[in-house]
Amino acid sequence: SVASASALRAALDVDDLDDAPCETISALYALLLAPDVDAHARRAAYALLASSQLLQAAVVGLDARVADVAKVERALDAALEARDDSAPFIDESPAERAGMREDLALALDASDIAGAPARYAWALLLRYISALDVDSPCRERLVNYTRETRAIPRVLGALVREMPLPRIEHGKAKSVVAVDAPAAWRGVDWTDPTAPSQMFDARHSIAALIYGAALRALPASVRTFVHDLKPPKTARALEAATAASVSSTLIAAEFAAVSSTSFASRSGAGAGEVSVRANASTGEILARYEIDESFLELSVKLPSTYPLTQAELRFTQRLGFSELQTRTWILGMSGILTHQNGAVAQGLLQWQRNIAAEFVGVEPCPICYAVIHPVDRRKPSMRCRQCDNAFHGTCLYTWFRTGSRSICPLCQQQWGTSLRD
């Protein structure tokens with residue numbers, strides 16, 4: 001086909017994948033997404049795009065020859081920060097706001113989720129999200145793209161019908177830890193479910209592999225999807241397969257990420273210090289915050305069915321902090337782990353930022369209970385003219401959209417007006 005010939009010509013011109021130009025990525029996408037391409041050729045295109053050398057260019061549109069990705073990220077962040085806070089939303093598509101490559105965005109929008117091209121496209125996106133650092137702005141933008149497009153209900157809703165699942169007798173759930181997973185779920189390296197070697201293995205279910213990749217990249221969205229899944233018997237079967245096959249691997253990955261993340265160097269001057277200890281044998285992470293003579297200790301416990309069962313948060317020790325203050329902080333971190341698809345390490349970093357910001361006099365947003373917004377990293381700047389409380393622009397926009405009225409969440413005054421005028 002024309003796509004095959006184009007991709008082959010582009011590949012022949014590249015001596016090293018690290019030197020691959022954007023034209024090569026476009027040719028590989030043409031091969032991946034064309035409807036009449038041989039299955040072996042499509043797999044070869046996916047294997048190249050999923051490689052560590054090309055994955056960045058395949059997802060976010062940066063040429064593989066751009067070495068200083070951090071510099072590009074800083075430039076994009078600066079452009080976003082320069083926007084007028086009074087008009088924080090501009091007429092861009094979710095893919096454009098995420099900085100996503102157009103070839104991939106078109107494939108992700110495809111209505112035929114069951115087709116091979118769309119599956120490979122979603123595998124690439126989930127693979128890249130999982131590969132990014134937990135504190136990466138690029139990761140946060142891509143996660144927000146999946147939230148805005150309702151990606152998980154759409155994709156997993158189509159794939160769950162063909163996943164091999166354990167039988168749940170007479171509509172009654174067995175103990176999820178005692179149920180054996182179907183053969184297609186066994187022998188999978190769940191730390192890298194979208195690796196070409198696994199995607200092309202006939203013993204595995206591609207639908208289950210993409211589900212596993214979604215669990216790694218977007219745990220909160222998948223948890224909500226499974227909780228709402230109908231019929232309940234299917235949801236219980238999916239929970240059982242996950243607990244038997246995937247959960248232990250993802251819990252171990254969370255502990256590894258926390259252990260490898262630096263927290264102490266991130267505290268601002270005079271904002272105190274955070275130290276973190278991870279105990280894999282007890283399934284518990286302890287984060288301790290200290291400032292002057294005050295301290296508090298936060299326990300994050302990951303249940304055996306994580307991430308389909310959310311992490312348990314509680315303060316085990318507290319000295320010098322009010323109950324209201326600690327409750328606000330725990331609500332903010334819980335929001336990240338429960339709703340924002342954040343890893344535990346990301347949640348702890350966000351908790352640390354919020355504490356530091358509050359100690360320099362910034363009040364948290366009354367909607368999300370956080371000082372720093374987990375997606376755009378802005379502080380509350382949209383201030384009500386009546387009650388003078390400040391909100392994140394993103395939180396306020398969501399509040400207006402879901403409530404169908406532009407009123408202040410606290411004083412209920414029409415936004416932009418004041419009885420004092």
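Select Ile-407 and show its contacts (heavy atoms within 4.5 Å): leaving out residues up to four places away in sequence, Ile-407 touches Trp-399, Phe-400, Gln-412, Gln-413, Gln-414 and Trp-415. This is a predicted model: local features need pLDDT of at least 70, side-chain atom pairs count only at pLDDT 80 or more, and totals for chains, interfaces and linings use all residues. Residues are numbered from 1 along each chain as its sequence is written, and side-chain values use heavy atoms, with hydrogens and water left out.

Stay on Ile-407. It is buried, with a relative accessible area of 9%. Buried means under 20% relative accessible area, exposed over 50%, partly exposed in between (1.4 Å probe, protein chains only). Ile-407 sits in the segment after helix 18 (393-403). Helices (H or I, at least four residues) and strands (E, at least two) are DSSP runs, numbered from the N terminus.

Next, select helix 18. Its buried residues are Gly-393, Cys-395, Leu-396 and Phe-400.

Last stop: strand 3 (residues 294-301). Here 7 of the 8 residues are buried, so strand 3 is largely enclosed by the rest of the structure. Strand 3 pairs (at least two DSSP bridges) with strand 2 (residues 284-291) in the antiparallel sense over 8 bridges. Find Leu-286: its bridge partner in strand 3 is Ser-299.
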